[in-house]
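Hi,

Here is the structure I said I'd pass along.

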Amino acid sequence: MSSLLAKRKSASGPGHWGQTTHLLGTIAPGILWIVFFLVLPSFYLMSIAFMSNGPYGLPELPLTLQSFRELAGFGFLGWSPGNLYTLARSVWQTLIATVLVILIAYPLAYYISTQPASRRPLMLLIVVVPSWTNQVIRAFGWMNIMSPDAPLSDLAASAGLISSEMGLFPSNFAVVLGLVYNFLPFMVLPLYASFERLDGEIVQAAHDLYARPINVFRHSILPQTLPGLMAGTVLVSIPAFGMYVIPELLGGGKSMMVGNLVASQFAEASNWPLGAAAALIMILATLGGLMVLRRLGQRLGGGKEVVL
Amino acid sequence: MRPIIKPMATSLLAALALGGFTSAQAQEDKLFIFNWSQYMDPEIIEAFEEKHDVEVVENYYNSLPEMFSKLRAGGKSQYDIIVPSNYFVPRLIETGLVQELDHSKLPNLDNLYPRFLDPSFDPGNKYTAAYQWGTTGLIYNKEELGEVDSWDVMFDEERNPENPFSLISDGQVSMGIACAYLGHGYRCQDTEQWKEAAKLIINTKGRNNFNGFADGTPQLQQIAQGNIDAGMSYNGDYLFYADEDPEAYENVEFTIPKEGAEMWVDSMMITSEAPNPDLAHKFINFILDAEVGAQLSNWTWYSSPNEAAKPMLDEILLEAPATPTDEQMERVHFTPSLKGQQLQTFQQLWTDVQSR
């Protein structure tokens, strides 16, 4: 490294050398942080995923693909789809939760942006305030709200959706509700930022050209809010996919997601290689999801500003 | 055995706390205890600190796997004393996380009932000294379900078509009672019988009134709130909560179903690289003292394995459910200690049960 820098120095003179050290000084902490706390641990995790499971759950040599086979359901007791159910359930619940969050947050962010400037900070604050309380405590709050004799459960029971003895949790419904509630602010804030910068003249122009309302939205509003929408989708769907606390508390073991599968393999099930393999699949699924989102962003007419 | 909740937050905090301790732990006058939460009378700690002029630092876990993972991640040199349940003892010994006890430093060991000396999970008490014992039974709301004497309130759809119930998140215990219900006995260890039990639990999970898996203590709170009408919990915790709030637990009963249930012993052990093994022996001997043993049980509401403490125990601890009747004693069993391929088989089945 030092010889390389020395060569640079002699080649490009003292001015560049100053710039280089300056640049290094600026980015080095960030790079070191990422290397030590992201890259190295990820490699460590990946290497565990390819090891065999020892008698009490510790990874051992030789290297093997057994964990991935187990993840696909091929255990030594014959094929069973349990883990695949969990993966599919995670994708499905993330998808539903993200769509619901968008449906709620989009009008909400628009509404806030149309309010007098003096009132907006307060409204945004109201959206954000719940997340100042610990996630676990809020989940316990929902458990109380959805317990059997609470009004919400009574309502659902009188509509014939659940038995009168039961509460609304634990269930898939409770998990999705928890996810939507938890991640709403992460969608509202970036969308609000987009709406705030919305160029009204373009919308006006669309109206002047007699575009139908659907086309006004499609061609003038949506592309302008796309950066916020995409950023919000990423901020919501990625943490939702790996969520641990909400399925654990509101799902009651009936609605396990991949985050819980990973946690259980590192803790009670004592199978670190399987846990690492599941975590690896989780990372890959997240990357795949990002690529799909990027495509979608481009398809919807997002330009360079749709940074993904 | 009194786990509260096990969210990530507590583990994180514990991890941070652990990091902070590493530098200070070599000190001679400190004893580090790693125990279930709410399982130790603070006055006992104070008395020990005063007697030996030392400082006792307590850390807590909410589940045995959590304790096991922390010991493996370096905890074996950070704590002196741990208090695991019977079926985790062999795997702690085999993985070299604990050290043998020096009986010459534990004269009070003789205070224990003969049946807690030389237990099946640790022949000759080479590694363990009993701390407290209890049962994991069935809790139910008698107003909603009437008299219950069988696990059929969990597993028989016709017996209980509507009332919500939970199973315990400890896989070996839930599978054990499913096995018992199927007639294979609580201690079943045969793969085919396990598969049958797993199938039963998976079917049960699919029923509308299954309220999920939860730890024993939260289930006691849920049954008081009316979230569930049947569940699984520990006898001592049941008594503790019923005493705190008699009204809420007026209709809640604790029973040992006819098919059988779990009995457990939590034992004190010394970690293999304990910073202060000498002081750890002193502490174990202190707990085994007749008076201290009685004080401990009177505080935890669990039965004492200490025979010499019996005259000083509260009346309620000597009758069921704190101490099972002779007839109930025939139905309660230790959870088997699994190892090797058998443990792997079990884990795979249980992971499948959970992830379905």
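A word on domains before anything else: their bounds come from an automatic or database domain assignment. This is a predicted model, where local features need pLDDT of at least 70, side-chain atom pairs count only at pLDDT 80 or more, and totals for chains, interfaces and linings use all residues. Residues are numbered from 1 along each chain as its sequence is written, with chains lettered from A and ligands numbered from 1 in the order in which they are written.

Chain B is assigned domain 1 (8-133 + 264-322) and domain 2 (135-262 + 334-355). Over C-alpha atoms, the centres of those two domains of chain B are 27 Å apart. Between them, 15 residues of domain 1 of chain B are in contact with 15 residues of domain 2 of chain B (contact means C-beta atoms, placed from the backbone, within 7 Å). On the domain 1 side, helix H4 (residues 89-94) of chain B gives the most, with four residues. Helices (H or I, at least four residues) and strands (E, at least two) are DSSP runs numbered from the N terminus; chain B has 14 helices and eleven strands.

As for the overall form, the C-alpha atoms of chain B fill a box of roughly 60 × 45 × 35 Å along the principal axes. Contacts in chain B between residues at least 6 apart in sequence join residues at least 24 apart in 75% of cases.

Then the chain pair: 34 residues of chain A are in contact with 39 of chain B. H3(A) gives the most to the chain A side, with four residues.

Cheers

Notes: Contact = placed C-beta atoms within 7 Å.
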